[in-house]
Structures are given as structure tokens and as C-alpha cells.
Amino acid sequence: RNQLRKAERGDLDVICQPLNAVDHKWFLDAEQKQQGARRYRSYPTQFLLAYAAANKGAAQVYSALKDGEPVAAMLMLRHGRLATYQAGVTTPAGRAHCAHNLLLWSMMCGVQKDGGTILDLGRTDLSDGLRRFKLGTGAVTEKLAGTYWMPFWAARRSRPAEAAKAIA
């Protein structure tokens with residue numbers, strides 16, 4: 001709460017806009033670069049843009065601006081009454097002004113205002129700092145089973161030849 005109060009007292013402006021390739025190029029590029037630097041993978045940019053195009057208003061970017069320039073941003077994906085914190089990037093100025101605390105609070109308020117019931121903050125195993133940040137909101141961690149996808153042709157190849165013949 002102290003960091004949120006600091007951010008609220010600061011001179012950051014928060015805006016929320018539907019994700020688009022032109023206005024949010026800086027965010028999408030920064031997130032891709034962050035994935036490489038921190039060695040994790042997330043949805044490709046083209047998938048996120050396709051999601052935004054297919055689900056009008058469901059992919060929203062919350063941006064913190066200082067003197068009109070973005071210093072941090074978070075992407076939220078809506079799906080029914082649920083929402084998912086998908087990605088976040090910040091700059092040294094964003095960190096200095098606790099911008100992510102303000103953005104996450106704004107996102108929580110936005111979800112509630114729109115009738116949402118759950119905001120999934122996503123993975124907490126990527127770094128200790130990210131885990132502290134997410135748990136600092138009062139979030140509860142849950143271990144979930146992984147989601148696995150195996151195309152039909154791969155499933156057939158992994159079975160013994162006799163089983164594959166029986167399926168064919």
C-alpha cells in the first residue's frame with residue numbers, strides 16, 4: 001500500500017485503451033525484449049493482436065504516463081466476467097514512481113466496475129520480485145495442472161504400431 005500511495009501522490013496519468021499495433025508498438029516491442037532478457041515465453045504479438053481484433057475491447061492496455069510519455073504499461077485480457085493480467089513492462093522512471101502498483105490498482109478497479117469477478121494475476125514463478133509484487137496485492141497462489149495439447153497425428157505416432165492400425 002505504501003508504494004500505491006506514493007504512486008497516487010505522484011504526477012502519473014493512467015489511461016486505458018484497447019490494444020492496437022500502432023498505439024502500443026512501444027509496449028509490444030518492450031515486452032518481446034523483456035521475454036528475451038528474462039528468458040520466459042508468452043503469447044506472440046500476433047496472437048495478442050488477433051485476440052484484440054476478434055474480441056473488441058477485451059484486450060486493454062493500462063499505461064502510466066509521465067509528462068505525456070509512457071513509463072509503464074500492463075496488458076489485461078478479458079474473457080467473460082474474468083480477466084487476466086497478461087503482461088507488464090516498466091522503465092526506470094516507472095519503477096521510481098511505483099507505476100505498476102498504480103496500474104494494477106487501476107486494472108482491479110476497472111475489472112470491478114465492468115462487473116468482473118476475478119482478476120487472474122498469472123504466473124508467480126518467473127522471479128522473486130514478480131512474486132512479491134503479485135502477492136503484495138493480497139492475491140492467493142494456486143497450483144494448477146498444466147494445459148497440454150497434442151495434435152491427433154502426434155498422438156497416433158506415439159502409440160505402438162498395432163494401436164495405430166486399430167485406430168485407422
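Student: What makes residues of helix 2 count as buried in this predicted model, and which are they?

Tutor: A residue is called buried when its relative accessible area is under 20%. In helix 2 of this predicted model, the residues F27, L28, E31, Q34 and Q35 are buried.

Student: How do you know that the buried residues line one face of helix 2?

Tutor: Viewed down the helix axis, the buried residues of helix 2 fall within an arc of 125 degrees, so they line one face. In general, an α-helix has 3.6 residues a turn, so residues three or four places apart point the same way.

Student: What covers the buried residues of helix 2, and which exposed residues lie on the face turned away?

Tutor: The cover includes helix 3 (45–54), strand 3 (69–79) and strand 4 (82–90). The face turned away from the buried side carries K33, G36 and A37, which are exposed.

Student: How do you know that the length of helix 2 agrees with its number of residues?

Tutor: Helix 2 (residues 25–38) has 14 residues, which at 1.5 Å a residue should span 20 Å; the end C-alpha atoms are 20 Å apart, and therefore the two values agree. Just after helix 2, R39 takes a positive phi of about 60 degrees.

Student: Why are helix 1 and helix 5 called roughly perpendicular?

Tutor: Angles of 65 to 115 degrees count as roughly perpendicular. Helix 1 (residues 2–9) and helix 5 (residues 99–113) pack at about 90 degrees, with axes 8 Å apart; they are therefore roughly perpendicular to each other.

Student: Which residues meet where helix 1 packs on helix 5?

Tutor: Q3, L4, A7 and E8 in helix 1 meet N101, L102 and W105 in helix 5. The residues of this contact divide into 4 nonpolar, 2 polar and 1 charged.

Key. Residues are numbered from 1 along each chain as its sequence is written. This is a predicted model: local features need pLDDT of at least 70, side-chain atom pairs count only at pLDDT 80 or more; totals for chains, interfaces and linings use all residues. Side-chain values use heavy atoms; hydrogens and water are left out. Helices (H or I, at least four residues) and strands (E, at least two) are DSSP runs, numbered from the N terminus. The expected span of a helix is 1.5 Å times one less than its number of residues. Buried means under 20% relative accessible area, exposed over 50%, partly exposed in between (1.4 Å probe, protein chains only). The arc is that of the directions from the helix axis to the C-beta atoms. Contact means heavy atoms within 4.5 Å. Axes are lines fitted to C-alpha atoms, for helices over the stretch in contact, and angles run from 0 to 180 degrees between N-to-C directions. Angles under 35 degrees count as roughly parallel, over 145 as roughly antiparallel, 65 to 115 as roughly perpendicular and the rest as oblique. Ala, Val, Leu, Ile, Met, Phe, Trp, Tyr, Cys and Pro count as nonpolar, Asp, Glu, Lys and Arg as charged, and the others, Gly among them, as polar.
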